[in-house]
Amino acid sequence: MRYWTIIWRNVARNPRRALLTAVSIGFSLFLIVMEQIAADRRLRLEAFSERGYYEAQTAAGSGLRVLASILTVFMGIGACFAAMNTMYAAVAGRAREIGTLRALGFSRAGILASFMAEAVLLALIGGWFPARDAARKTIVDALRSS
Amino acid sequence: MTEPALVRITNLSRIFQRDNEKVVALADCSLEIQRGAFLALMGPSGSGKTTLLNIIAGLDRPTSGDVEIEGVNIAAMSDRELTRWRNQNIGFVFQSFNLIPVLTAFENVELPLLLTGLSKQERRAQVETAMRLVGLEDRMSHLPRQLSGGQEQRVAIARAIGTDPSLILADEPTGDLDARSAEDVMNLLARLNADFGKSIVMVTHDPRAAHHAAGIRYLDKGLLLPEGEEPAG
């Protein structure tokens, strides 16, 4: 479908915006994956040994970790807003184009889907690599420390 | 039995609500447009010409009144039906061309055909015919920014006629063009009307452009003036 041609060429024409969107989405995914895996690891640690559990409890790092988690969540939300903002600008900048497509007989749903596809495409490009690396790193760290 | 009019508008009103102000864009207009007509709608800014055109195109809905095109009441259609109907029956030409900047001339003309279920070869044939008709068969792979304003508008006209619609609507088609390109575009529209029997309704400010049309109707402050009458002053 021609939608894909429009999407690809729009990404190619404005790589800075595409990169910004991809990076913000990627960054938020990275943080979410880190947070998920870290949370998962803490759960698993609990099952390890009593000694390990108390060690973790008394460690000075405990409060810090909570703080880090909160920070992660807030930064994740911030990155989501950044991504939303750039996509919003992309849609607003093409309002005329959308009007034209409507006048030619394209449906609302089709046009919406094409913008969704663009955002998902950027999210996949921006999200896949950092999320994969984050997952890999935290899993390796977890294996090492256990 | 006489053939029904292509467009029949009866007691059409369109009122916009701007905050607490009611703006009457069109008041009780009635108009019939016959098949094969080339009608120019003229009038000062804010007289409701573009609103009338948008309602005929199904881009805007009347506050009251009926719009029948080829015997079909478009005011009663759902948004989805209207979108489909527009693709098959209306070719729209805009003042500022509105080609998709990232698509080539060929792809722009092909765009409305993608919704028709034609095969790739059929689409190619249609696009080539339309581009030949507007005299730009050697510019098919050019992007809009590589074309002049007049050429862009001709591509837009090719896009409008590609689906072979019964009615071509043009909103100030020469508004953004120099005198020479405007003349080319108007000659092209006149030819589409005379040689191919395309019905055209055009909104314009430009008396030279209106001169090409077979008939002129004037609007003033939302009122459609009777045939042959011009607004005072």
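These exercises, with worked solutions, concern chain B of a predicted model and its contact with chain A.

**Exercise 1.** Decide how far helix α1 of chain B is covered, and list its buried residues.

*Solution.* Start with the range: α1(B) spans residues 49-56. Apply the cut-off next: a residue is buried if 20 or more other C-beta atoms lie within 10 Å of its own. Seven of the eight residues in α1(B) are buried, which leaves the helix mostly covered. They are Lys49(B), Thr50(B), Thr51(B), Leu52(B), Leu53(B), Ile55(B) and Ile56(B). Now step just past the helix. There Gly58(B) has a positive phi of about 75°.

**Exercise 2.** Work out the strand order of the open sheet in chain B, then find its edges.

*Solution.* Four strands of chain B make up the sheet. Their order is β2-β1-β4-β5, with antiparallel pairing. At the edges lie β2 (21-33) and β5 (72-73) of chain B, and each pairs on one side only. Turn to the pair β1(B) and β2(B). Strand β1(B) covers residues 7-18. Nine bridges join it to β2(B), and the two run antiparallel.

**Exercise 3.** Describe the contact of chain B with chain A, and name the element of chain B that gives the most to it.

*Solution.* Count the residues by chain. Chain B supplies 17 residues and chain A supplies 14 residues. Next, look for the main contributor on the chain B side. Helix α2 (residues 79-89) of chain B gives the most, with five residues. Finally, sort the chain B side by residue class.

Key: Residues are numbered from 1 along each chain as its sequence is written. Chains are lettered from A and ligands numbered from 1 in the order in which they are written. This is a predicted model: local features need pLDDT of at least 70, side-chain atom pairs count only at pLDDT 80 or more; totals for chains, interfaces and linings use all residues. A residue is buried if 20 or more other C-beta atoms lie within 10 Å of its own, exposed if 12 or fewer, and partly exposed in between; C-beta atoms are placed from the backbone. Two strands pair if DSSP finds at least two bridges between them. Two residues are in contact if their C-beta atoms, placed from the backbone, lie within 7 Å.
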